[in-house]
Amino acid sequence: MSLSLDDVSRIARLARIEISSAEAERTRDQLNGILAFVAQLQAVNTDGIAPMAHAVDVVQRLRPDTVTEPDRRDAFQAIAPETEAGLYLVPKVIE
Amino acid sequence: MINASLKELASALAEKKISSVELTTLFLDRIEQHNPMLNAFVTIDRAKALATAQAADQKVGADRTALTGIPLAHKDIFCAEGWRTTCGSKMLGNFTAPYDAHVVEKLNAAGMVTLGKCNMDEFAMGSSNETSFFGPVKNPWDTACVPGGSSGGSAAAIAARLAPAATGTDTGGSIRQPAALCGLTGIKPTYGVVSRYGMIAFASSLDQGGPMAKSAEDCALLLNAMAGFDPRDSTSLERPTEDYARDLEKPLAGLRIGLPKEFFGAGMDDGVRVAVEAALAEYRQLGATTVEVSLPNSGLSVPAYYVIAPAEASSNLSRFDGVRYGHRAAEYGDLNDLYAKSRAEGFGDEVKRRILIGAYVLSHGYYDAYYLKAQKIRRLIAADFTAAFKDCDVIMGPTAPSVAFKFGEKSADPVQMYLSDIYTIAVNLAGLPGMSIPCGFDRDLPVGLQLIGPWFGEAQMLNVAHRYQQATDWHRRMPAAFAG
């Protein structure tokens, strides 16, 4: 299985990373190299093996549904690229 | 003083032979002198460091710990309030952390003094420090060589004696491999022992912070201060507090060392093999026995890792959107264009590659073939270790297949670079503790011996490493060019 240039553009779109056509070609070759390398996994028999999502089996902790975080909006917005009146600014999304 | 152990520094401070301000000044001066050559630090703040040192000097009695007043450096993956925290990326080039990572909070509470933030591979993705936006770190043993990665800045800083100790993180070998390549001791604890809160996420099911220093004893003292339950990390483990230094002096008689035959086959440089074999001979002298074990699926660890880690990275790094923090492109059209341009400009090539691989293996129609398959193989790899630990107490082998390599030697081919972590990655997949200690030289460059313990076996591993370091002096060697 080998990626085409269209595949690379589609993945880049999914990942929200702009990619030029010159870059896409180089990227395709490198991604195909990595995918060829990981392809060896396909040959392994894993029938009946449960997937291991985490290194240590732990159950998700629960806590009371109470507010634990202080309000630090000003500190967090001070490092944002663009804010106004306590809101993060982005290009218009609703016409 | 620059070669002193943390214990020696602590007693010098307690006996007022030196103040923390003097000690901090000594290391800040060395950073100023040598960092232009090594590029180990990306941020230094003399005033902030000295203010903390001054506060440490004022602490008395019960307010003092075994580490009060001792300076250290943080890998720039750890958020430290008021410090620029870049993770080696243009994306966070102007990011000032608004809070402390749990590890930073704990080391601050212990009274340690932050000298600065250490360079690293971008978002910890690399094994040579060549992917840092801030330029590569150089290996103090040979500045034409890489220091390893991704905690390469931390490793170079300690090796050149610009800091007595540093923090690191290890997702696939990022503490152990640079420790090996720079002649240091580093330990990656069992997954869940050290909180990931405030440690910028790469692959969350594998990431684990740990100490890097000159000796196992130093690492034990640091781990005592770094480890502990933290409710803010959902995978932090609730366990009784441990003293990781408690068994340091235990004799090694009767210790069973497992040698995985897969780690001693082709692929390891002869010079590395000679040094590792000599270390094993030393261990037999100390009363240990060696037994061959097998990790039959360990050869699958690198390909499994390069499915799992990029998948988790593509998800974790989706938070960098140019909206709430981090780089935002100067010009953009709609919201999607803002995301795509900010991310294209903010991320470097290796990070983009891994995000794309991750997005692909998680995408519709491919999830079962890649991600689920890799997770099943992960269980096989972990089961290999469980079986091996029936016959031994600790596993040993090389940390890396070769000593430090030259800049550019492996950077053209991503897969070649990935294979430099061939002996370390299985440990992360299984969640085990792993360690690297210096065990000799090949072509004048340090060789690392890897120790792998069973889950929560840190105290014993530190004991095993410490006894070796009492019998040998590899860990005391330092690069001559930085002796002055």
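Predicted model: local features only at pLDDT ≥ 70, side-chain atom pairs only at ≥ 80, totals over all residues.
Mentor: Residues are numbered from 1 along each chain as its sequence is written, chains are lettered from A and ligands numbered from 1 in the order in which they are written, and side-chain values use heavy atoms, with hydrogens and water left out.

Trainee: How much area do chain B and chain A bury between them?

Mentor: The contact (heavy atoms within 4.5 Å) takes 74 residues from chain B and 47 residues from chain A. Buried area is the accessible area, found with a 1.4 Å probe, that two parts lose on being put together, summed over both. Of this area, 68% lies on carbon and sulfur atoms, and the total is about 5,300 Å².

Trainee: Which residue of chain A meets R328(B) in a salt bridge?

Mentor: A salt bridge is a side-chain nitrogen of Lys or Arg within 4 Å of a carboxyl oxygen of Asp or Glu. Five salt bridges are counted between chain B and chain A. In one that involves R328(B), the N to O distance is 3.0 Å, and the partner is E82(A).

Trainee: Is strand β9 of chain B largely enclosed or open?

Mentor: Strands (E, at least two residues) are DSSP runs, as are helices (H or I, at least four), and both are numbered from the N terminus. A residue is buried under 20% relative accessible area, exposed over 50% and partly exposed in between, using a 1.4 Å probe and protein chains only. Because five of the five residues of β9(B), residues 394-398, are buried, the rest of the structure leaves this strand largely enclosed.

Trainee: Which residue in β11(B) stands opposite M396(B)?

Mentor: Two strands pair if DSSP finds at least two bridges between them. Four bridges join β9(B) to β11(B), residues 445-452, and these strands run antiparallel. Opposite M396(B) stands L451(B).

Trainee: Which residue forms a salt bridge with R46(B)?

Mentor: The closest N and O atoms of this pair are 3.5 Å apart, and R46(B) forms the salt bridge with E32(B). The two residues lie 14 residues apart, with R46(B) in helix α3 and its partner in helix α2 of chain B.
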